[in-house]
Amino acid sequence: CFCELEGSINDCSCDVDTVDHFNNMKVYPRLQSLLVKNFFRFYKVNLKQDCPFWPDDSRCAMRFCQVENCEEQAIPQGIKEKGEHRDKTASFKYTKEAQVDRSCSEVEDFDSALGFLDTSISDQAHKEFELWAKHDEAEEDFCIVDDHDAGAQYVDLLLNPERYTGYRGDSAHRIWKSIYLENCFGGNIDTANKFSSYMPHMDLRDVCLEQRAFYRIISGLHSSINIHLCSKYLLSESKDFLDPQGVWGPNVKEFKQRFSPETTSGEGPHWLRNLYFIYLVELRALAKAAPYLRREDYYTGIAEEDEEVKLAMHDMLSVIESFQSHFNENALFSSGIASIKFKHDYKEKFRNISRIMDCVGCDKCKLWGKLQTQGLGTALKILYSEKLNLATESGIWDKPHIEADPIFRLSRTEIVALFNAFGRLSNSIYEMENFRRVLR
Ligand code: FAD
């Protein structure tokens with residue numbers, strides 16, 4: 001059976017069986033119940049951003065590409081109002097209004113950390129402080145976060161599951177091609193467009209570890225997206241064009257076509273293996289950020305549910321920390337001065353990938369593409385954040401919440417993206433088990 005992956009995962013110290021068991025028995029069921037909670041199901045995103053690289057070619061001609069709007073009243077008030085204060089940009093708004101809102105505990109914490117600031121500080125100074133704070137925060141970002149744009153809206157992820165949409169052809173290929181070409185250090189989008197015959201195969205023996213990891217991460221994400229469209233395939237559709245209903249389920253033939261060695265010049269099983277690689281990268285990020293994530297209050301304003309989520313989160317994080325063979329992030333960017341430049345370029349390239357997502361010609365694919373790249377960007381930010389390292393070394397996590405300087409911060413949107421993106425990977429590994437079973 002071609003998809004029966006065996007042995008150790010390249011560049012990692014554990015094998016496929018270990019990950020399968022850990023994910024399918026421990027992580028997947030926990031994530032299933034966590035991600036349906038209000039805190040995680042409403043994701044704020046700007047789907048109206050213009051493509052910065054080429055004119056939009058296909059604007060959602062397919063009916064299954066549409067994103068269903070969520071009812072305003074469905075979004076918990078706590079997310080819409082106080083939840084906003086928790087976001088890093090809002091937190092840095094050291095405005096008089098923010099000080100007045102004493103009911104928002106995070107703002108209070110932030111006030112205490114900035115207690116040395118004179119509250120009579122002029123508006124101009126406020127603006128400058130805000131700009132520098134934002135700039136400082138963004139320095140560590142691997143991704144463009146657009147949830148404060150005018151066009152940003154809340155999307156109910158449960159109403160818009162990632163599944164087959166029919167998006168394919170030149171538009172989809174151009175996106176994938178451009179993303180893979182970001183891995184050509186020295187190449188750019190223009191060159192990507194010139195190489196129409198470009199295929200994202202790569203001789204992994206010839207490249208350095210960082211570049212190899214970049215390719216594996218993108219390829220793993222690509223596999224995950226394509227596994228989802230195979231596992232929630234449109235098996236039969238309603239005759240009424242306006243009716244978006246249909247019968248959805250796994251399509252083994254489609255899965256085989258996309259991943260068998262015969263139809264992919266032997267590459268398919270490697271692509272599936274890359275899914276495990278990106279899974280281990282994000283798993284490690286969650287383990288590293290666990291002390292920070294334990295401090296979050298996952299506030300929606302619905303007290304009972306917030307408490308439930310906090311408990312479930314503590315349980316989830318303990319399980320994640322119990323995994324022994326994580327991806328070793330210190331293996332990357334460890335060779336002196338050249339590494340600093342490399343790390344900088346790496347960040348730029350990941351940021352570019354989030355810009356490329358604005359060019360996806362199917363809103364539903366764009367939604368999940370943006371969420372997953374943002375989740376991945378957040379994972380990389382965690383893995384390579386100097387501020388998080390500093391906070392961990394200074395033992396900040398052992399201090400009471402109120403005393404801790406918010407030296408490292410994740411916005412609500414970043415946390416939602418991080419967990420949902422990891423949830424997608426977890427789901428793909430789980431679905432693979434089903435495909436394997438059927439194929440056997
Ligand atoms: P593609 O998947 O388009 O791949 C292009 C080429 O890349 C292949 O020919 C192969 O050589 C290579 N390749 C394929 N897989 C890998 C891999 N894992 N690693 C390395 N190389 C690989 N479609 C949906 O139905 N639902 C969605 O939600 C959805 N979301 C998408 C999100 C994004 C951001 C993008 C860019 C596309 C999305 N699509 C979605 C489209 C889908 O990914 C495919 O592009 C489409 O189904 C056409 O598939 P294809 O067989 O032509 O190959």
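Two residues are in contact if their C-beta atoms, placed from the backbone, lie within 7 Å. The exercises below concern a predicted model.

**Exercise 1.** Determine what share of the contacts in the protein with a separation of 6 or more joins residues 24 or more positions apart.

*Solution.* Begin with the secondary structure: the protein has 18 helices and four strands. Of its 440 residues, 38% are buried. Among contacts with a separation of 6 or more, residues 24 or more positions apart account for 78%.

**Exercise 2.** Identify which element gives the largest share of the shell around the ligand.

*Solution.* The ligand has 23 residues around it, and those that come nearest are Ala 172, Ser 219, Trp 271, Cys 365 and Gly 369. Two or more residues of the shell come from each of helix H9 (169–181), helix H11 (209–231) and helix H16 (363–383). The largest share, six residues, belongs to H11. Sorted by class, the shell holds 13 nonpolar, seven polar and three charged residues.

**Exercise 3.** Classify the packing of H11 against helix H18 (residues 412–439) from the angle between them.

*Solution.* Two packed helices are described by the angle between their axes and the distance between the axes. For H11 and H18 the angle is about 55 degrees and the axes are 9 Å apart. H11 is therefore oblique to H18. The crossing in which H11 passes H18 is left-handed.

**Exercise 4.** State which residues of H11 and H18 meet.

*Solution.* H11 contributes Ser 224, Ile 227, His 228 and Ser 231, while H18 contributes Arg 424, Leu 425, Ser 428, Glu 431 and Met 432. By class, this contact comprises three nonpolar, four polar and two charged residues.

Note on methods: Residues are numbered from 1 along each chain as its sequence is written. This is a predicted model: local features need pLDDT of at least 70, side-chain atom pairs count only at pLDDT 80 or more; totals for chains, interfaces and linings use all residues. A residue is near a molecule or strand if its C-beta atom, placed from the backbone, lies within 6 Å of it. Ala, Val, Leu, Ile, Met, Phe, Trp, Tyr, Cys and Pro count as nonpolar, Asp, Glu, Lys and Arg as charged, and the others, Gly among them, as polar. Axes are lines fitted to C-alpha atoms, for helices over the stretch in contact, and angles run from 0 to 180 degrees between N-to-C directions. Angles under 35 degrees count as roughly parallel, over 145 as roughly antiparallel, 65 to 115 as roughly perpendicular and the rest as oblique. A crossing is left-handed if the near helix is turned anticlockwise from the far one by less than a right angle, and right-handed if clockwise. A residue is buried if 20 or more other C-beta atoms lie within 10 Å of its own, exposed if 12 or fewer, and partly exposed in between; C-beta atoms are placed from the backbone.
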